[in-house]
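Please consult the sequence and the structure shown here.

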2 protein chains.
Amino acid sequence: MGKKIEIPSIDDVRKHLIAPPGKKFNLAERNTADRALFGDKEDAKTSLKKDAAVINELKDVLYAIKKQSVLVILQGMDTAGKSGTIKSVFANTTPLGMEVKAFKAPSSNELARDYLWRVHNAVPQKGHVGIFDRSHYEDVLVVKVRKFADPAAVEQRYDQINAFEKHLTENGVAIVKCMLNIGYAEQGVRLSERLSEAHKLWKFNPADLEDRRMWPDFMAAYETAVERCSTEHAPWYIIPADSRTRRSALIARLVRGALEDMHLEWPDPGLNPADYEIG
Amino acid sequence: MGKKIEIPSIDDVRKHLIAPPGKKFNLAERNTADRALFGDKEDAKTSLKKDAAVINELKDVLYAIKKQSVLVILQGMDTAGKSGTIKSVFANTTPLGMEVKAFKAPSSNELARDYLWRVHNAVPQKGHVGIFDRSHYEDVLVVKVRKFADPAAVEQRYDQINAFEKHLTENGVAIVKCMLNIGYAEQGVRLSERLSEAHKLWKFNPADLEDRRMWPDFMAAYETAVERCSTEHAPWYIIPADSRTRRSALIARLVRGALEDMHLEWPDPGLNPADYEIG
């Protein structure tokens with residue numbers, strides 16, 4: 001007899017990881033290596049595999065209905081596992097009805113508009129699951145830390161972002177916001193890996209080391225962003241990200257939960273099959 | 001001992017399926033149920049699985065290099081298997097670096113531009129694999145058959161399309177054009193399936209029956225499009241599509257071939273790892 005597989009319910013995952021809306025938020029209290037939800041790594045693997053399969057099934061129904069969409073926002077420091085999450089949570093997901101948008105430094109064309117313009121443009125279309133690898137939160141994170149914008153303008157953005165996300169959720173977009181919370185030491189390990197493995201070297205960017213030196217500033221910016229933008233309509237979930245497998249398993253639970261909450265059913269096109277003769 | 005698995009080489013698949021550039025093309029000579037390349041369905045399954053895995057690996061290197069892209073164009077009558085191809089050939093492909101664009105009837109905004117405007121806009125970005133579910137070929141297929149445009153204007157489009165595709169290939173986009181060649185009888189079977197299965201009914205569109213009644217006109221339009229637009233830089237491949245498994249296996253061979261022709265290698269960012277101290 002094998003041991004019992006222990007998979008936390010989606011509700012438990014939410015309760016444990018949420019940054020409660022309207023409450024003070026202390027990032028330092030969140031353990032980046034927390035194993036409370038998946039004590040056993042093998043359980044996390046099993047859960048991830050199951051959820052990835054269910055996500056793929058539900059996504060097809062979402063695609064058929066074409067009325068709502070899911071937007072998964074992944075934020076985190078370099079090496080926190082944004083790409084890895086996309087690869088593992090959506091490993092069994094066909095690209096049909098999927099959109100991945102990686103936000104880089106804005107182009108001159110994008111800078112000629114307000115910071116949410118390019119984000120709105122990238123919102124997944126009805127019936128799709130969209131993933132943001134970074135997002136408009138960069139405009140209150142790196143932009144704030146590196147002072148790319150006037151502090152007074154940045155200060156206004158939290159409420160603007162909340163209004164924007166409320167607009168989206170009221171228009172059929174379910175938002176799942178995940179902060180991939182990696183520890184400083186674990187980032188050091190992963191940056192070293194990038195330098196020592198040929199197929200990871202391309203990901204190494206010397207500028208990442210500059211961000212690393214500003215770690216406390218980034219953590220403070222994340223803390224503020226999460227506290228001010230964790231809302232009832234689009235709460236933030238703080239994902240312990242030192243363990244890759246557990247991180248992905250937890251995010252998969254949240255994505256599955258968002259899809260299940262929609263109570264998706266194959267659409268009825270309102271036609272009577274007997275009326276049609278194929279010939 | 002199991003039987004020997006017989007997988008045709010990518011070169012053999014190309015030679016067998018190509019519509020030779022500059023030659024007269026007779027669509028009726030192409031057997032929609034051809035099994036010359038994959039006699040045994042199990043071999044097709046094995047080949048598809050292997051190729052899907054290799055495609056996923058090569059796609060990651062393409063993504064890392066960010067200099068070239070692959071554009072897979074899927075054309076075919078309703079039920080020919082365009083969505084099914086995307087789901088099976090890219091079953092093991094993470095959505096990172098994938099773009100699927102389904103072309104529908106053009107919007108008023110798109111109609112306000114020339115017919116290639118929206119197509120150019122949807123070309124996959126460098127490092128990505130893009131899939132067109134339908135394409136600019138609709139502008140010489142349904143548009144021609146249903147006379148949505150002036151015949152003289154349509155007549156000019158073949159050369160325009162060739163010039164456009166030449167431009168793309170010269171700018172790093174490898175184009176794989178697949179006509180999913182399904183038989184009239186097999187389409188009848190599949191349309192009936194859509195009417196009788198709850199999870200397929202949403203795909204049934206009474207307008208498809210109108211296209212079915214114009215089958216000979218569509219076949220003539222396909223024949224002309226393939227003959228005039230099968231070029232050295234972007235040849236057409238005619239995929240026997242009555243068997244779903246063989247169809248996907250053949251297309252997977254072609255997609256893998258396009259990626260292998262690029263001789264992709266992990267990029268060298270030109271930095272010396274020893275120069276960096278992670279700290």
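A residue is called buried under 20% relative accessible area, exposed over 50% and partly exposed in between, with a 1.4 Å probe and protein chains only. This is a predicted model, in which local features need pLDDT of at least 70, side-chain atom pairs count only at pLDDT 80 or more, and totals for chains, interfaces and linings use all residues. Side-chain values use heavy atoms, with hydrogens and water left out.

**Cysteines**

A disulfide is defined as a pair of cysteine sulfur atoms within 2.5 Å. By this rule there are zero disulfides over all chains.

| Cysteine | Closest cysteine sulfur | Distance | Relative accessible area |
|---|---|---|---|
| A:C178 | A:C229 | 15 Å | 0% |
| B:C229 | B:C178 | 15 Å | 0% |

For A:C178, the separation is too far for a bond. A:C178 is buried, and B:C229 is buried as well.

**Arrangement of the chains**

With copies superposed by least squares on the C-alpha atoms of residues with pLDDT of at least 70 in both, a rotation of 180° with 0.0 Å of shift along its axis places chain B on chain A at an RMSD of 0.0 Å. That is the relation of a two-fold axis. Within chain B, the residue closest to the axis is B:P95, at 2.6 Å (C-alpha).

**Nonpolar cores**

A nonpolar core is a set of buried Ala, Val, Leu, Ile, Met, Phe, Trp, Tyr and Cys residues joined through side-chain atoms within 4.5 Å. The largest comprises 79 residues, and A:V70 and A:Y137 have the most contacts inside it. A second, separate core of 78 residues includes B:V72, B:I239, B:L250 and B:L254.

Methods. Residues numbered from 1 in each chain as written. Chains lettered and ligands numbered in written order.
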